[in-house]
Amino acid sequence: MLAPIPDGLSFEDGASLAVAGLTAGGLARVWPVEDRAAVVWGAAGAVGRMLVAFLADRGAHVIGIASGRRVEAVRAAGAAHVIDRASEDVPAAVRARTAGRGAAVVFDPIGVESFETSLKLLAPRGCLINYGELSGPVPAINLHQLFPDSVFVTKYNGMHWVEGLQEFAGLISAALTLAAKRRAVISEIAGRFPFDRVADAYRALEAGAAGKVLVLSR
Ligand SMILES: NC(=O)c1ccc[n+]([C@@H]2O[C@H](COP(=O)([O-])OP(=O)(O)OC[C@H]3O[C@@H](n4cnc5c(N)ncnc54)[C@H](OP(=O)(O)O)[C@@H]3O)[C@@H](O)[C@H]2O)c1
């Protein structure tokens with residue numbers, strides 16, 4: 001379960017990226033990405049930044065989606081292109097950056113709000129990987145929707161892509177190594193709370209903290 005923290009990173013850095021690194025490392029295994037276009041929604045989020053870095057490291061042509069000033073964090077994490085969902089038409093922008101073809105894979109933690117759009121971003125035989133429902137549950141799938149481009153859809157469950165505790169240290173170490181080279185993959189810290197104020201930490205999460213909330217043991 002132990003992963004060494006490389007020089008240049010702190011315990012807070014390690015705590016901030018461990019779960020995101022584990023999730024991103026598992027997600028990056030699902031679909032072949034080398035030399036292919038991969039779209040990452042929520043790319044400025046904790047999982048999103050790590051995923052951008054893992055995919056870019058594997059030779060994917062990464063197109064990240066974020067909003068406003070957060071697009072800079074996505075570029076710094078290693079995306080080839082960043083789309084600002086607040087000011088751009090996402091399907092048109094993805095088509096423009098894939099020579100009209102669409103992406104081989106779309107990683108989507110948003111859920112109901114993005115589901116239909118995500119399907120439109122895929123190239124023929126591409127795969128939509130939903131791994132979260134930040135905007136609400138994904139709709140039921142009508143298989144006929146998948147017919148025109150013969151695309152795949154899956155709902156990622158980390159329990160089946162990370163084979164138990166024995167894999168934790170290796171995946172988290174890989175994330176730490178990426179972070180040591182590229183600090184931008186570590187998401188901001190939105191708050192620090194001592195252990196005896198853990199309830200306040202949960203309140204901060206529920207209020208929509210923009211970044212990681214750390215509980216410090218001392
Ligand atoms: N399946 C699994 O095994 C597993 C494991 C761990 C985490 N997760 C899931 O992974 C997801 C992401 O976690 P995280 O820690 O990375 O969250 P986060 O740091 O809060 O980032 C989420 C990002 O999504 C974007 N976003 C939020 N609402 C949106 C909307 N309606 N439309 C488009 N973009 C929106 C936001 O960025 P912009 O505003 O910049 O676009 C935000 O940066 C969560 O749903 C979590 O439950 C799943």
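This is a predicted model: local features need pLDDT of at least 70, side-chain atom pairs count only at pLDDT 80 or more; totals for chains, interfaces and linings use all residues.
Helix 7 spans residues 168-181 and comprises 14 residues. From its first C-alpha to its last, helix 7 reaches 20 Å, close to the 20 Å expected at 1.5 Å a residue. The buried residues of helix 7 are A169, L171, I172, A175, L176, L178 and A179. Their packing partners are helix 1 (11-27) and helix 2 (46-57). An α-helix has 3.6 residues a turn, so residues three or four places apart point the same way.

Helix 1 also contains D13. With a relative accessible area of 8%, D13 is buried, because this value is under 20%. The D13 side chain forms a polar contact with the side chain of R183, at 2.9 Å. Leaving aside residues up to four places away in sequence, D13 touches G8, R183 and I186.

On the surface, a nonpolar patch is formed by F195, V198, Y202, L205 and V215, which together have about 500 Å² of accessible area. Helix 8 (residues 198-206) supplies the largest share of this patch, three residues. F195, by contrast, is located in the loop between strand 7 (189-194) and helix 8. The relative accessibility of F195 is 58%, so F195 counts as exposed, the cut-off being over 50%.

The two residues with stated relative accessibility are set out below.

| Residue | Relative accessibility | Class |
|---|---|---|
| D13 | 8% | buried |
| F195 | 58% | exposed |

Definitions and conventions
Residues are numbered from 1 along each chain as its sequence is written. Side-chain values use heavy atoms; hydrogens and water are left out. Patches are made of residues with over 30% relative accessible area and no salt bridge: like charges are joined within 9 Å, nonpolar side chains (Val, Leu, Ile, Met, Phe, Trp, Tyr) within 5 Å. Accessible areas come from the Shrake-Rupley method with a 1.4 Å probe; for residues, only the protein chains shown count as cover. A salt bridge is a side-chain nitrogen of Lys or Arg within 4 Å of a carboxyl oxygen of Asp or Glu. Helices (H or I, at least four residues) and strands (E, at least two) are DSSP runs, numbered from the N terminus. Buried means under 20% relative accessible area, exposed over 50%, partly exposed in between (1.4 Å probe, protein chains only). The expected span of a helix is 1.5 Å times one less than its number of residues. Contact means heavy atoms within 4.5 Å. A polar contact is a pair of N or O atoms within 3.5 Å; within protein, one must be able to donate a hydrogen and the other to accept it, and residues adjacent in sequence count only if both atoms are side-chain atoms.
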